[in-house]
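Have the model open while you read.

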Amino acid sequence: MARSTKSAMVLCMDVGFSMSNSAPGQESSFELARKVIQNCVQRQVFAETKDELGLVLFGTENTKNSLDSSGQYQNIYVHRHLMLPDFELLEDIQQKIHPGSKHADWLDALVVCMDLLQKETLLPFPVYLEEGDGEEDDGQLGIKRPRVSPQEGKGLTQEQKKGVKLVRQIMTSLDEQGGLEEVYTFSTAIERLSIFKRIERRPTAWPCQLTIGSTLSIRIVAYKAMTDEKVKKSWMVVDAQSHQKDDVKRDTIYCLNDDNETEVSRDDTIQGFRYGSDIVPFSKVDQEQMKYKCDGKCFAVLGFTKQNLIQRHQFMGTQVLKVFPPKDDEHAAIALSALIRALEELRMAAVVRYTYDRRSSPQVGAAFPCIKDKYECLIYVQLPFMEDLRLFSFPSLENNRKFAALEKRLSAVDSLIDSMMLLDEQDGETVDIFKVNHMANPQFQRLFQCLQHRALNPNSPLPPMQSWLKAALERPQVLATRCHVPLQELKLQFPLKEVVRKKEQKTCADVFGHRNEEEPDAKRAKEEKEEEFNLQEISQAITAVGSLNPAKDFCMLIQQKTVPFAQVCQQLTLRIEQLLSNKSIAYYMKSIDCIQAFKEESIKVANAELYNSYLHSLKRSISDRGLQEFWNLLVQTDRIKLISMAEVEGSSVLPQEAAQFMTTEENTEAAATEDAGDVDDLLELM
């Protein structure tokens, strides 16, 4: 080929009449061979390489090859010259290739394939043939071989035996050069080729300077050793009839959110960042200035640390880099080798600042030494920043009698773990029976299978997922057999009991608080108690009123008594204001739950002032904030009203005032003289 990075392959298929023979109920050799060829081609199509592919058929009615002369190389047809494989070739294999009725010399077909490679690539040797005694020539690849013709009968003639000997020599030669690993039957080949070939990526070097301080600099090149693979070809919108991308035009129009939907030019729009309920505008100049500016690519050592201090769960990012010295720089190789061996000897790792280029954000990672028989390098893995960490605190199980494990149960779990070990001893060597790095991505395999089927069969439904693909991520069969007994023991040690909880259907009265007044208070309190969380088990994880379930967080914090009551109330009211700013029924209902919890906890601690003050300020702001719909929902909830002196002794609100508060209008003159803030009065009291 013109470039050394390409390769070429010619597929040779027998379509003679003997290939059509088959036993009853079995596929013919021709159909099996066509499946092998088709699977091989489709692997090349989806591998997205520049490798070229050709196809030669022998046993055809017609003859078409460059060696056709003097009655030789007959019934051999070059169906496709070397070019990139595509769906057109797959369609030809499926629809245009049919069994022939002629015989052809398979060695002649092999020679035609080699001649095709020699003429359409830059092979460094000629291919020539001579009639002879079957002995292999000492030339580069010139072959003296016998003329093999089909013979009837079970025995082999002398000419056929010489042909077999020659083929054995060719296969042995290829095997020594690493070009032929195994010989497969049709069924085995179809099974192996059903797995689509992985997408090949040409390694791209990333040159940079490894710096230690301001005086030491080492030239390096880095390569991606592991990265999150994505499908290269992306989806696009095409016309449903013509299937052409150019027939569809996409146009984006910006309009104002008014009655006329006034169109706005794109030049008159800017980006805005949503910050809570507000939008902070940023122009293009602002966006350019707010970027973290870097000087350029960087691989600077910030310091060194012990390898055991960098935990495995702290590795992050989508790639792993291997760092080598340049091939032509002996000084860099010596310097980097000294650094790698020193790190390995001291069991240390380098903490590195890594920046791909001036447009990229900087990273902090760890560079570990890696010394192999054939090479040595640094392996770079990204480490997390503070914002990347997710810290959780859970109650300890060690001193909890409820979760105390018995010796029999511990032994049962240990047996299960031992039976499911993925490392197996075979002939004194440890073998991994579940090699993830040798497994094809099931998502890619299913996608390629569907793409290939839809391209060749536009009107038929997609095929079901293949059985081997479903089993790709299943537990290995040897483990399933081995862990059967430990699993049964585990079931005996940990019996499961079904807990049936009746799920009552909620009515409108339940949602808005209209409960049956004749229902006993003891029964109502019991039902409410069953719905509460076990505070002793999860209280350690609650440190503030969150946005997911603020009412329950508020109740938990009050019962914990780790935060002052006024401060917890302040957190709750801020959450209520955030919920009300969204102006939707779902957020209104969550706000009502928060106010209900606010009232109940205020009564329990005998502090009515904070709750009553907030309810007053909320009512005054209803009209200005457009929350009349929310207030109507709040009025329908009879359980929410001011806390009267009948409920809390320190309250200054009479029972009659509390009952009328939700329905009467607030005095507008008095409201005008007071501060216009929503929650300022409450915050001052706190």
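Let's start with strand E16, residues 376-382, which is mostly covered: six of its seven residues are buried. Keep in mind that this is a predicted model.

So who sits beside it? Strand E16 pairs with E13 and with E15. Here are the two pairings side by side:

| Partner of E16 | Residues | Direction | Bridges |
|---|---|---|---|
| E13 | 316-324 | antiparallel | five |
| E15 | 363-371 | antiparallel | seven |

Met 316 stands opposite Gln 382 in E16. For the other pairing, Phe 368 has Ile 379 of E16 as its bridge partner. As for how the chain gets from E15 to E16, a hairpin of four residues makes the link.

Now for the helices. Helix H16 (residues 550-560) and helix H18 (residues 585-604) have axes that come within 8 Å and cross at roughly 20°. An angle under 35 degrees counts as roughly parallel, so that is how H16 lies relative to H18. The crossing of the two is right-handed.

Which residues of H16 and H18 make the contact? From H16 it's Pro 550, Ala 551, Phe 554, Cys 555 and Ile 558, and from H18 it's Lys 590, Asp 593, Cys 594, Ala 597, Phe 598 and Glu 601. Sorted by type, the residues of this contact come out as eight nonpolar, three charged and no polar.

Terms used: Residues are numbered from 1 along each chain as its sequence is written. This is a predicted model: local features need pLDDT of at least 70, side-chain atom pairs count only at pLDDT 80 or more; totals for chains, interfaces and linings use all residues. Side-chain values use heavy atoms; hydrogens and water are left out. Buried means under 20% relative accessible area, exposed over 50%, partly exposed in between (1.4 Å probe, protein chains only). Two strands pair if DSSP finds at least two bridges between them. Axes are lines fitted to C-alpha atoms, for helices over the stretch in contact, and angles run from 0 to 180 degrees between N-to-C directions. Angles under 35 degrees count as roughly parallel, over 145 as roughly antiparallel, 65 to 115 as roughly perpendicular and the rest as oblique. A crossing is left-handed if the near helix is turned anticlockwise from the far one by less than a right angle, and right-handed if clockwise. Contact means heavy atoms within 4.5 Å. Ala, Val, Leu, Ile, Met, Phe, Trp, Tyr, Cys and Pro count as nonpolar, Asp, Glu, Lys and Arg as charged, and the others, Gly among them, as polar.
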